Amino acid sequence: MRPDAAIQIFEEVGAIRHGHFELTSGLHSGTYVQCALVLQYPKFAEQLGRALAAEFMDLRVDCVASPALGGVIIGHEVARAIPARADGKPIRAIFVERDSLGTLTLRRGFRVEPDEHVLVVEDVWTTGGSTCETIRVLEEAGARVVAAGALIDRSGGKIELPVRTEAIVDLKIESYHASECPLCRSGGVAVKPGSRFVRSGA
Ligand SMILES: [Zn+2]
């Protein structure tokens, strides 16, 4: 899938919004990308998962791991598109999630085998923080993280991770620390675009 074809899908479903936002990372931005609005359509999730998996066809991947919640659906679809393992075992899609202290961890009985080759998949990279933390959790559990992928890298290529990285779309969207945000300086108040969905679902 060409990057412009992916962007067209995001724009068609209104998954790219403009305003003044406080992102999950705490950074402020004039643009917000809500991948859930794309991934709510299994057809698009499948197409994008296949496109992201295609970036890693030269690697051995036994398992896909994602940070919950944002990475779960796309991680599942990437795993579906990964070719069968040489040892005949089925490809898995697992996820890490935050415990009561807010630390990402493997729960629900998820385990990794020693030297299991894992691909970490997330929906959007802003700072890459969740992917970085996911890599650490898996390596501490004994896996070998071979690469990391995302639907959208909104850092403009500034992401630095300890493994190879591939994103379907590189969006150069500026993000700012609140103290340096030009939208705040001009008197605006940042909104947390995801928060009302969290509350209505609680
Ligand atoms: Zn701001």
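This is a predicted model: local features need pLDDT of at least 70, side-chain atom pairs count only at pLDDT 80 or more; totals for chains, interfaces and linings use all residues.

Q: Where does Gly-157 lie?

A: Gly-157 sits in the loop between S7 and S8, and its C-alpha atom is separated by 9.8 Å from that of Trp-125, a residue 32 residues apart from Gly-157 along the chain.

Q: OK, the sheet next. What is the order of the strands in the open sheet?

A: The open sheet has 6 strands in the order S5-S4-S3-S6-S7-S8, and the pairing is mixed. Strand S5 (104-106) and strand S8 (164-170) are at the edges with a single partner strand each, so one side of each is left without a neighbour in the sheet. From one strand to the next the twist averages 25°.

Q: How many bridges join S6 to S7, and how many join S7 to S8?

A: S6 and S7 run parallel and are joined by 8 bridges, with Glu-122 standing opposite Ala-150 in S7.

Q: Which residues is Ala-65 in contact with, leaving aside neighbours within four places in sequence?

A: With those neighbours set aside, Ala-65 is in contact with Gly-75, Ile-94, Phe-95, Val-96, Val-118, Val-120, Thr-134 and Leu-138. Ala-65 is also one of the residues with the most contacts inside the largest nonpolar core, which has 51 residues; the others named there are Leu-48, Leu-52, Val-64, Ile-74, Val-118 and Leu-151.

Q: Switching to helices: what span should helix H3 have, and what do its end C-alpha atoms give?

A: Helix H3 (residues 42-54) has 13 residues, which at 1.5 Å a residue should span 18 Å, and its end C-alpha atoms are 18 Å apart, so the two agree.

Q: Which residues of H3 are buried, and what covers them?

A: The buried residues of H3 are Phe-44, Ala-45, Leu-48, Gly-49, Ala-51, Leu-52 and Ala-53. Their cover includes helix H1 (3-12), helix H2 (36-39), helix H4 (72-81), S6, strand S7 (144-153) and S8.

Q: How many residues of H4 are buried, and how many of S7?

A: H4 is mostly covered, with 7 of its 10 residues buried, namely Ile-73, Ile-74, Gly-75, His-76, Glu-77, Val-78 and Ala-79. Among the elements that cover them are H2, H3, S3, strand S4 (92-98), S6 and S7. S7 is mostly covered as well, since 8 of its 10 residues are buried by the cut-off of 20 or more other C-beta atoms within 10 Å.

Q: What about Asp-123, buried or exposed?

A: Asp-123, which is found in strand S6, is buried, because 24 other C-beta atoms lie within 10 Å. Apart from its neighbours within four places in sequence, Asp-123 is in contact with Cys-35, Gly-70, Gly-71, Ile-74, Ala-150 and Leu-151. Phe-95 is 28 residues apart from Asp-123 in sequence and 13 Å apart in space, taken C-alpha to C-alpha.

Q: Now the backbone. Which residues does a cis peptide bond join?

A: The cis peptide bond joins Ala-68 and Leu-69, with omega about 0°, and Leu-69 lies in the loop between S3 and H4. For context, most peptide bonds are trans, and most residues other than glycine have a negative phi.

Q: What is phi for Arg-108 and for Asp-115?

A: Arg-108 has a phi near 60°, a positive value in a residue other than glycine, and Asp-115 has a phi near 70°, which is positive too. Arg-108 is placed in the loop between S5 and S6, and Asp-115 is found in the loop between S5 and S6.

Q: Are those two buried or exposed?

A: Arg-108 counts as exposed because 7 other C-beta atoms lie within 10 Å, and Asp-115 is exposed with 9 C-beta neighbours inside 10 Å.

Note on methods:
Residues are numbered from 1 along each chain as its sequence is written. Two strands pair if DSSP finds at least two bridges between them. Helices (H or I, at least four residues) and strands (E, at least two) are DSSP runs, numbered from the N terminus. Axes are lines fitted to C-alpha atoms, for helices over the stretch in contact, and angles run from 0 to 180 degrees between N-to-C directions. The expected span of a helix is 1.5 Å times one less than its number of residues. A residue is buried if 20 or more other C-beta atoms lie within 10 Å of its own, exposed if 12 or fewer, and partly exposed in between; C-beta atoms are placed from the backbone. Two residues are in contact if their C-beta atoms, placed from the backbone, lie within 7 Å. A nonpolar core is a set of buried Ala, Val, Leu, Ile, Met, Phe, Trp, Tyr and Cys residues joined through C-beta atoms within 7 Å.
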